[in-house]
Amino acid sequence: MWTDLASSLRLPVMCAPMTFASSLELTLACCRAGVVAGWQGMQITDIDEFAAYLRTLADAESEARHAGQLFAPHAVNLAAGLVKDPDLGAQKLALCEQLRVPLVFSSLGDPAELAKRVHGWGGRLIHDVVSVPHAAKAIAAGVDGLMLTCAGAGGHSGTLTPFAFVPKVRSMFDGLLVVGGGIADGAGVAATLALGADIACMGTRFIATHESGAPEGHKRMIAEAGMDDIFPSAAMNGVSANWIRQSVTAVGLDPDDMLPQRGPRRGAQMPDGVVPWLHIFSAGHSVGLIDEVAPVQTVVDRLAEEFAAAWIAAGGDWRQRLAQRGRVGGLTAEVVAPVSVTDMMGR
Ligand SMILES: Cc1cc2nc3c(=O)[nH]c(=O)nc-3n(C[C@H](O)[C@H](O)[C@H](O)COP(=O)(O)O)c2cc1C
């Protein structure tokens, strides 16, 4: 049962954990705005900084509770293999245990040991998967929730469409289902729920906020780029991820002629001083839905309005909506007609 989560959220939305973008400011803003605040716990390599991050969240939560304000849970992203690390990994887990971190979000590897550890302090584990066999393995490992990363996601995207992936995994699993990939508005959140999932996860949308720790150029580029500017490549660091074309050109590389990889799991030689993720920017297809860098509260307020409208529309009269299509704006048949089929196929 997830009654505690249901009562602590304003919206069924999660901010994805993201390298560079997961600042403490972003995490706090998401908790206060009432959406699950995922943050990247692996990028913090100083244990005092990790402890300070957790303590600040715990203090902010008790302050909010005292004041009767909403404070959604945070979810720290840890690699599943962290349980085997006797040094920094052990210290991080001991701190999470001490502060009884409610949600751990794992990726990469077998989550079985981590699940046992998190359950030991009463927390819950959500594991990130991109395929049905991965989902089956994670379910067998005892996770409480799954994050289904679908096609169009920022970062290391999945390749499956949520229209098939979500209902398939729902038929195998009664736990929490989080879905990510290309979602940036309330209609996407409603669609996620209609498919059988519980929470919509957004990464790209939350990078373009005042509070995110991403470079300003990254935020601006997300607001300015279109969907066609996103392309997948493994050339950057060996594993395929989605990148913004303009950020690749800006460092002197050609997105249409990327340098060859140096080995099976290694990216291409980068120009001097260029670090993928920090100087070459990743984002998902939802850039096409984002046109400004805004405060988290504004983003969440807008999502709440859009979600309410989309939820009502989804339960409304589809026949009437279909019948009226084209009479309330948009391109008419006459405008579309001159475009040839070849043009439309982009050839
Ligand atoms: C710049 C960037 C960095 C990311 N870093 C991580 C990460 O460190 N760990 C992780 O599990 N996912 C990471 N992701 C993926 C997100 O967790 C999430 O799956 C994705 O952003 C959802 O798709 P969307 O961007 O279309 O909303 C990253 C995504 C982006 C765009």
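Which exposed residues does the face of α7 turned away from its buried side carry? In this predicted model, that face bears F163, A164 and P167. The buried residues of helix α7, which spans residues 162–170, are P162, F165, V166 and V169. Viewed down the axis of α7, these buried residues fall within an arc of 90° and therefore line one face of the helix. An α-helix has 3.6 residues a turn, so residues three or four places apart point the same way. The cover over the buried residues of α7 includes α6 (132–140), β6 (145–149) and β7 (176–180).

The overall architecture of the protein chain comprises 15 helices and 10 strands. For 347 residues, a compact globule would have a radius of gyration near 20 Å, and the 21 Å of the protein chain agrees with this. The C-alpha trace spans about 65 × 55 × 40 Å along its principal axes. Of the 347 residues in the protein chain, 41% are buried. Among contacts with a separation of 6 or more, 64% are accounted for by residues 24 or more positions apart.

The largest nonpolar core contains 91 residues, and those with the most contacts inside it are C15, C30, V35, V104, L146 and L148. Helix α2 (residues 24–33) supplies the largest share of this core, six residues. In soluble globular proteins, nonpolar side chains tend to be buried together. Helix α2 is mostly covered, with eight of its 10 residues buried; these are L26, T27, L28, A29, C30, C31, R32 and A33. The packing partners of the buried α2 residues are β1 (13–15), β2 (36–40), α3 (47–66), β3 (74–79), α9 and α12 (296–314). Helix α2 is followed by G34, whose phi is positive, near 90°.

A further part of the packing can be described through L148 and V129. Residues up to four places away in sequence being set aside, L148 touches V129, P162, F165, V166, V169, L177 and V179. P162, F165, V166 and V169 are the buried residues noted above in α7. V129 is found in strand β5 (residues 124–129) and counts as buried because 23 C-beta neighbours lie inside 10 Å. Beyond its neighbours within four places in sequence, V129 is in contact with H134, A135, A138, L146 and L148. V129 and G158 are 29 residues apart in sequence, and their C-alpha atoms are 8.3 Å apart in space.

R100 has a phi near 45° and is found in the loop between α4 (88–98) and β4 (103–107). With 10 C-beta neighbours inside 10 Å, R100 counts as exposed, since a residue is exposed if 12 or fewer other C-beta atoms lie within that distance. W277 has a positive phi of about 85° although it is not a glycine, and its place is in the loop between α11 (245–250) and α12. W277 counts as buried because it has 20 C-beta neighbours inside 10 Å, the cut-off for burial being 20 or more.

Technical notes: Residues are numbered from 1 along each chain as its sequence is written. This is a predicted model: local features need pLDDT of at least 70, side-chain atom pairs count only at pLDDT 80 or more; totals for chains, interfaces and linings use all residues. A nonpolar core is a set of buried Ala, Val, Leu, Ile, Met, Phe, Trp, Tyr and Cys residues joined through C-beta atoms within 7 Å. Helices (H or I, at least four residues) and strands (E, at least two) are DSSP runs, numbered from the N terminus. Two residues are in contact if their C-beta atoms, placed from the backbone, lie within 7 Å. The radius of gyration is taken over C-alpha atoms; the globule rule is 2.2 Å times the number of residues to the power 0.38. The arc is that of the directions from the helix axis to the C-beta atoms.
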